Amino acid sequence: YPIFQKRRRSKNRRRKKKKQRKKQTKNIDLTKGSLSFYYKPMYAADANDVSHALVVIGNDIYSLPNLILMESDTLSVTVTDANYNTYGTASAWRAPLWKARQWVTIRVEWDSAVKNNQ
């Protein structure tokens with residue numbers, strides 16, 4: 001019969017991954033920056049209200065600070081700093097931003113020093 005033993009190596013891997021994630025969140029300036037990427041969804045933007053987290057910069061959606069680019073009934077970007085100050089914007093509700101299986105370029109720019117109406 002096989003004998004199963006606990007792996008010590010797996011705990012070390014988890015610790016290393018946590019350290020790597022923490023280091024990665026420090027490599028971006030959430031006060032000012034930009035992000036651009038190509039995206040080819042299998043769904044139309046105005047098809048339904050299913051939430052899709054396209055980009056999450058930070059440890060996860062619930063840890064601060066973070067930047068979240070979500071698509072559901074709107075395409076929205078939200079930046080939340082370590083003091084729970086939240087800045088964001090969103091497209092019109094159910095806007096036809098893309099069709100299914102269509103390549104699109106998504107660009108996001110943010111600057112916390114700029115006032116809302118500029």
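Which residues form one aromatic cluster? The cluster consists of Phe37, Tyr39, Tyr43 and Trp98. The structure is a predicted model, in which local features need pLDDT of at least 70 and side-chain atom pairs count only at pLDDT 80 or more, while totals for chains, interfaces and linings use all residues. Residues are numbered from 1 along each chain as its sequence is written, and side-chain values use heavy atoms, with hydrogens and water left out.

The protein has one helix and six strands, and its pattern along the sequence is α-β-β-β-β-β-β. Helices (H or I, at least four residues) and strands (E, at least two) are DSSP runs, numbered from the N terminus. Of the 118 residues in the protein, 24% are buried. Here buried means under 20% relative accessible area, exposed means over 50%, and partly exposed lies in between (1.4 Å probe, protein chains only). Among contacts (heavy atoms within 4.5 Å) between residues at least 6 apart in sequence, 50% join residues at least 24 apart.

The aromatic residues are considered next. Three aromatic pairs are present in the structure. In the pair of Phe37 and Tyr39, the ring centres are 6.5 Å apart and the planes stand at 75°, so the pair is edge-to-face. Rings of Phe, Tyr and Trp (its six-membered ring) pair if their centres lie within 6.5 Å; planes under 30 degrees apart count as stacked, over 60 as edge-to-face and the rest as tilted. Phe37 has a relative accessibility of 19% and therefore counts as buried. Tyr43 and Trp98 also form an edge-to-face pair, with 6.2 Å from centre to centre and 70° between the planes. This pair links distant parts of the chain, since Tyr43 lies in the loop between E1 and E2 and Trp98 in the loop between E5 and E6, 55 residues apart. Tyr43 is buried because its relative accessible area is 15%, and Trp98, at 4% relative accessibility, counts as buried.

The largest nonpolar core has 18 residues, of which Tyr39, Leu54, Leu67, Leu69, Trp98 and Ile106 touch the most other members. Two or more residues of this core come from each of strand E1 (32–39), strand E2 (52–57), strand E3 (66–71), strand E4 (75–80) and strand E6 (104–111). E6 gives the most, with four residues. A nonpolar core is a set of buried Ala, Val, Leu, Ile, Met, Phe, Trp, Tyr and Cys residues joined through side-chain atoms within 4.5 Å. Apart from residues up to four places away in sequence, Leu67 touches Leu30, Val55, Val56, Ile57, Val77, Thr78, Val79 and Trp110.

Pockets and cavities were also searched for. On a 1 Å grid over the protein atoms alone, a cavity is a set of points where a 1.4 Å probe fits but cannot get out, and a pocket is an open set with protein on both sides within 12 Å along at least five of seven lines; lining residues have an atom within 4 Å of a point. Grid points are joined across faces, edges and corners, and a volume is the space filled by probe spheres set on the points.

The second largest pocket holds about 160 Å³ of space. It is lined by 13 residues, of which Leu69, Leu75, Ile106, Arg107 and Val108 are the closest to its centre. At least two lining residues come from each of E4, strand E5 (86–90) and E6, and E6 gives the most, with five. The lining comprises seven nonpolar, four polar and two charged residues. In this division Ala, Val, Leu, Ile, Met, Phe, Trp, Tyr, Cys and Pro count as nonpolar, Asp, Glu, Lys and Arg as charged, and the others, Gly among them, as polar.

One cavity of 30 Å³ or more is found in the whole structure. The largest cavity has a volume of about 30 Å³ and is lined by Ala45, Glu71, Ser72, Asp73, Thr74, Leu75, Ser91, Arg94, Ala95 and Leu97. Four of the lining residues are nonpolar, three polar and three charged. Thr74 is placed in the loop between E3 and E4 and is buried, with a relative accessible area of 18%. Beyond its neighbours within four places in sequence, Thr74 contacts Ala90, Ser91, Ala92 and Trp93.

Trp103 lies in the loop between E5 and E6 and, at 57% relative accessibility, counts as exposed. Trp103 and Lys40 are 63 residues apart in sequence, with their C-alpha atoms 4.5 Å apart in space. Not counting residues up to four places away in sequence, Trp103 touches Tyr38, Tyr39 and Lys40.
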